[in-house]
Amino acid sequence: MKQLVAVLVYLAAILALVSSATGQTIEVDVSHPTNHFVPKETLGAGVDRIAVEAIDKDLLQPTLEKTLASGWQPVTYRQNTELAVEAWHWNPQGTWSEGSGSSGKGYFTGSSTPTEMLRYSYGYALPRRGFTRNDGTDNVGFSRLTDGDVNTFWKSNPYLTQRFTGESDALHPQWVVMDLAQLQQVKSIRIVWGEPYARRYLVQYWTGDDPMHAPTRGTWQTFSQGTITDGKGRVETIHLSGSPVAVRFVRIWMTESSNTCDAEGAKSNNNDPRDCVGYAIRELYLGTTTEDGAFHDILRHTPDQEQTTTYCSSVDPWHQASDLGSTKQAQMGFDLFFTSGVTRGLPAMVPVAMLYDTPDNAAAEIAYLKARGYPVSYVEMGEEADGQYMLPEDYAALYLQWATAIHHVDPALKLGGPSFQGVNKDIEVWPEANGKVSWTARFVDYLKQHGRMNDLAFFSFEHYPYDPCRTPWGMLYDEPELVSHIMQVWHEDGVPADMPMFITEGNLSSGASETYEDIFAGVWLADYIGSFLNSGGKAFTSSIIFRCRWSQDVTALRERLECLPSTPAIRFNSPWHNFLWLS
């Protein structure tokens, strides 16, 4: 009887909804369209770095046929090695700036001459890394600033120096930040410099909570004795203040280099000028100095994720053949990408590595694709510079160098970026001299000041609006405003109204669960695409990364997107982020 009553109440509620719905009138005015688009050019999907095993089987029938049946049209090639602070060998064949083969080291340039088929490509870990972790590395790798080994070192990117930018190094200050995890007493710092070292630099502490994730909620305050104008290199111990200061974050802000060579401690055989510019630090020590002159270090020095966390402005893309890590995952080789059928023969957006690479390697990549005759629609420059904590002026300086090199190969190519992480608000960074904090506004300003806005043919960003696995159904109402708002923010920051905007990755969140395949995701996707196009969007790429197992708790699923730890036995993979199958 109770069940019958429940059913009758349910039916009555449905009838009430139907009755109220019949009284509504919807008018559509087609005389003032907000946008126009061609589906086969606008609705796309992305191919990312995946397991080699998946590459081998997922580009074959019947899997490929089922994937193409999902309907997405143009494909973008996603660049993942930069998230892991790696140099990308898009072509395993190429030349090193010093040595060759297994003894090769320095800066690598892939061969632009087509020979054997490119099926896979890999990333090489950078041995001059200054990040303990960032928004892409997860818990893999470590910083050379606090690894306990003075034979290793961090070095900044040489392409951000006057030799390559044509601008004073003071306009592209390089920095390192130490996170002490909690407030600690600091009075002295010891810096073991490599070469080149900083002649002018500041040692500062942060007055707010977190300068890396809340860069406008505090200021960098220079220690009373933290201004250095005649740095001598080698080992410098600096008494920063008369008495200890309680701090958590400490920054070294470098503005003038010694421009001395021998970054490796021994003269290079080829006298590469890139070894002689920027800044190199072998190890950092921080703490207090007692009256007897003894230095008491509070940092943890270890070559793993347990070290004192450090961040840096940039990383020298120098590496060696031996820095190739696991080959179980790979970026798909360009030849396989363009000949497998996954692109449907349509022009594809391709990336070039930029944050941890060289303009010569990027130009060689474009020359290779041109020699093969592959159709390229756009070139995306670098990947998620904001997640690498790169300041906008530094990204812009690299962008212009890379644009010059690429347009020398093909002047007609359409270049763009910066491929932001998925965010719902303006990206802010530490203020520049005039107090401006908007990353996008400062990037656009730099291009305008250099008369190079024509080199930015499109503006790209990613859209992952919700926190993984913690999204109530009611948040569906937020989506139309989220994507339209962030696009309006970019325009207010200076992106021209007529510049094409691309979402080159996008989904509910950066995490994943079975709910990507349910009604929630379908309703969200329709709202998301509709709002994006209504706001003037040019094209978007659907991305679905499955790493969670199916939840059987339907009740919990109704309240939130339930995401549980994946297991080897139950896992889903999607090599181009738009179709799901069991692996």
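Trainee: How many helices and how many strands are there in the protein?

Mentor: This is a predicted model, and in it the protein has 12 helices and 29 strands. Of its 583 residues, 54% are buried, and the protein exposes about 25,500 Å², of which carbon and sulfur atoms supply 52%. Among contacts between residues at least 6 apart in sequence, 80% join residues at least 24 apart.

Trainee: What makes C312 count as buried?

Mentor: The cut-off for buried is under 20% relative accessible area, and C312 has a relative accessibility of 0%, so C312 counts as buried. This residue lies in strand 17, which covers residues 309–312. Leaving aside residues up to four places away in sequence, C312 touches G130, F131, W154, W175, V176 and Q388. W154 is 158 residues away from C312 along the chain, yet the C-alpha atoms of the two are separated by 8.8 Å.

Trainee: Why are helix 7 and helix 8 called roughly parallel?

Mentor: Angles under 35 degrees count as roughly parallel, and the axes of helix 7 (residues 359–372) and helix 8 cross at roughly 30°, coming within 9 Å. Helix 7 and helix 8 are therefore roughly parallel to each other. Their crossing is right-handed. In the contact, P359, A362, A363, I366, A367 and K370 of helix 7 meet Q401, W402, A405, I406 and V409 of helix 8. Sorted by class, these residues are 9 nonpolar, 1 polar and 1 charged.

Trainee: And how do you know that helix 10 and helix 11 are roughly parallel to each other?

Mentor: The reasoning follows the cut-off of under 35 degrees: helix 10 (residues 479–492) and helix 11 (residues 519–534) pack at an angle of about 30°, with their axes 8 Å apart. That value falls on the roughly parallel side, and the two helices are therefore described in this way. Helix 10 passes helix 11 in a right-handed crossing. On the side of helix 10 the contact is made by E479, P480, V483, S484 and M487, and on the side of helix 11 by W524, D527, Y528, S531 and F532. By class, the contact of helix 10 with helix 11 has 6 nonpolar, 2 polar and 2 charged residues.

Trainee: Let us turn to the backbone. What is the phi of A181, and is this residue buried or exposed?

Mentor: Phi of A181 is near 75°, which is a positive value in a residue other than glycine, and the residue is found in strand 9, which covers residues 174–186. For exposure, the cut-off is over 50% relative accessible area; A181 has 59%, so A181 is exposed.

Trainee: What makes Y389 count as buried or exposed, by the relative accessibility it has?

Mentor: Here the cut-off that matters is under 20%, and Y389, at 11% relative accessibility, therefore counts as buried. Y389 also has a positive phi although it is a residue other than glycine, with a value near 60°. Its place is in the loop between strand 21 (376–381) and helix 8 (392–409).

Trainee: Where is P196, and which kind of peptide bond leads from E195 to it?

Mentor: The peptide bond from E195 to P196 is cis, with omega near 0°. P196 is in the loop between strand 10 (188–193) and strand 11 (198–206).

Trainee: And what is the omega of the peptide bond from G417 to P418?

Mentor: For the bond from G417 to P418, omega is near 5°, and this peptide bond is cis.

Technical notes
Residues are numbered from 1 along each chain as its sequence is written. This is a predicted model: local features need pLDDT of at least 70, side-chain atom pairs count only at pLDDT 80 or more; totals for chains, interfaces and linings use all residues. Side-chain values use heavy atoms; hydrogens and water are left out. Axes are lines fitted to C-alpha atoms, for helices over the stretch in contact, and angles run from 0 to 180 degrees between N-to-C directions. Helices (H or I, at least four residues) and strands (E, at least two) are DSSP runs, numbered from the N terminus. Angles under 35 degrees count as roughly parallel, over 145 as roughly antiparallel, 65 to 115 as roughly perpendicular and the rest as oblique. A crossing is left-handed if the near helix is turned anticlockwise from the far one by less than a right angle, and right-handed if clockwise. Contact means heavy atoms within 4.5 Å. Ala, Val, Leu, Ile, Met, Phe, Trp, Tyr, Cys and Pro count as nonpolar, Asp, Glu, Lys and Arg as charged, and the others, Gly among them, as polar. Buried means under 20% relative accessible area, exposed over 50%, partly exposed in between (1.4 Å probe, protein chains only). Accessible areas come from the Shrake-Rupley method with a 1.4 Å probe; for residues, only the protein chains shown count as cover.
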